Amino acid sequence: GSTLVNHFKSKSWWVCSIDLHENPEADANVVVKGVTLEEQAANVNSEIEKVGAEKFDALFCVAGGWAGGDASHENFIKNTDLMMKQSIWTSVISANVAAKHLKEGGLLTLTGAEPCLAGTHFMIGYGLSKAAVHQLTASLAQKGGGLPEGAVVQCILPKTLDTPMNRKFMANADFTTWTPMSYIAEMFTKWTEDPSSRHPHGSLVKILTENSVTTETVV
């Protein structure tokens with residue numbers, strides 16, 4: 001999230017950060033409060049009204065996290081609950097915000113995951129949560145999905161993003177197969193500024209990096 005804030009600010013965009021904490025680089029901040037999904041959604045929509053923003057050109061949901069475990073894991077239920085909150089709740093709130101506050105012809109991006117196109121026995125909670133985001137994308141893209149006229153939703157499916165947290169926990173990995181955050185930021189900028197560069201409405205877009213070369217493929 002902070003990478004996107006800094007990147008879009010460098011391109012002279014007005015930026016609102018919606019997060020658990022304020023980002024001092026953003027022009028406006030909405031700090032998410034509430035315990036339930038309903039409370040959080042109501043809080044976010046109310047606070048957006050207070051910052052006095054016009055309709056948004058684009059909304060990017062890049063919230064998420066990772067926790068593993070199969071059905072026999074001692075933390076299976078706990079981890080699944082966390083994954084649902086970090087991926088499903090944030091995506092559903094983003095969709096609701098888009099329905100209320102996105103411009104006609106605007107852009108909504110959600111974040112799925114390439115490995116979750118198939119079974120994920122070693123990270124079931126993560127897999128089912130990301131699969132739900134994929135389904136949400138398809139539903140939003142259907143006629144009557146609730147998005148503003150002409151708005152487009154895209155769901156990115158990265159394999160591994162090159163983030164400080166990932167480097168901390170996977171220090172011995174092959175970083176040439178990790179997608180730089182700068183690539184994601186530039187891609188989002190392109191999709192925002194040039195609607196013709198977007199993939200079809202409702203696309204699941206695989207983001208894969210091999211030998212430090214990143215490609216986008218609609219699945």
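Guide: Strand 5 and strand 8 (residues 203-210) run parallel and are joined by five bridges, and within this pairing I156 has V205 of strand 8 as its bridge partner. This is a predicted model, and the description that follows should be read with that in mind. Strand 8, in turn, pairs with strand 9 in the antiparallel sense over six bridges, and here the bridge partner of K206 is T217 in strand 9. Strand 8 and strand 9 form a hairpin with two residues between them, and N211, which lies in the turn, has a positive phi of about 50°.

These pairings belong to an open sheet of five strands, whose order is 3-4-5-8-9 and whose pairing is mixed. Its edges are formed by strand 3 (56-60) and strand 9 (213-218), each of which pairs on one side only. On average, and with direction ignored, neighbouring strands of this sheet are turned by 20° against each other.

Helix 3 passes helix 4 in a right-handed crossing. On the side of helix 3, the residues that meet helix 4 are F76, T80, M83, M84, S87, I88, S91, V92 and A95, while helix 4 contributes I124, G125, Y126, L128, S129, K130, A132, V133, L136 and L140. By class, the residues of this contact between helix 3 and helix 4 divide into 13 nonpolar, five polar and one charged.

Helix 3 (residues 76-101) also packs with helix 2 (residues 37-51), at an angle of about 35° and with the axes 10 Å apart, and the crossing of helix 2 past helix 3 is right-handed. In this contact, helix 2 supplies L37, Q40, A41, V44, N45, I48 and E49, and helix 3 supplies W89, V92, I93, N96, V97, K100 and H101. The contact of helix 2 with helix 3 comprises eight nonpolar, four polar and two charged residues. V92 is named in the contact of helix 3 with helix 4 and in the contact of helix 3 with helix 2.

A further helix pair is formed by helix 1 (residues 2-10) and helix 6 (residues 181-193), whose axes come within 10 Å and cross at roughly 50°, and helix 1 and helix 6 are therefore oblique to each other. Their crossing is right-handed, and the contact is made by T3, L4, H7 and F8 of helix 1 together with M181, A185, E186, F188, T189 and T192 of helix 6. The contact of helix 1 with helix 6 holds five nonpolar residues, four polar and one charged.

D27 forms a salt bridge with K9, and the closest N and O atoms are 2.8 Å apart. Because D27 lies in the loop between strand 1 (16-19) and strand 2 (28-31) while K9 lies in helix 1, the pair ties together parts that are 18 residues apart in sequence. A search of the whole structure finds seven salt bridges.

Technical notes
Residues numbered from 1 in each chain as written. Predicted model: local features only at pLDDT ≥ 70, side-chain atom pairs only at ≥ 80, totals over all residues. Heavy atoms only, no water. Pairing = 2+ DSSP bridges. Helix = DSSP H or I, 4+ residues; strand = E, 2+ residues; numbered from the N terminus. Axes fitted to C-alpha atoms, helices over the stretch in contact; angles between N-to-C directions. Left-handed = near helix turned anticlockwise from the far one by under 90°. Contact = heavy atoms within 4.5 Å. Nonpolar A, V, L, I, M, F, W, Y, C, P; charged D, E, K, R; others polar. Parallel < 35°, antiparallel > 145°, perpendicular 65-115°, else oblique. Salt bridge = Lys/Arg side-chain N within 4 Å of Asp/Glu carboxyl O.
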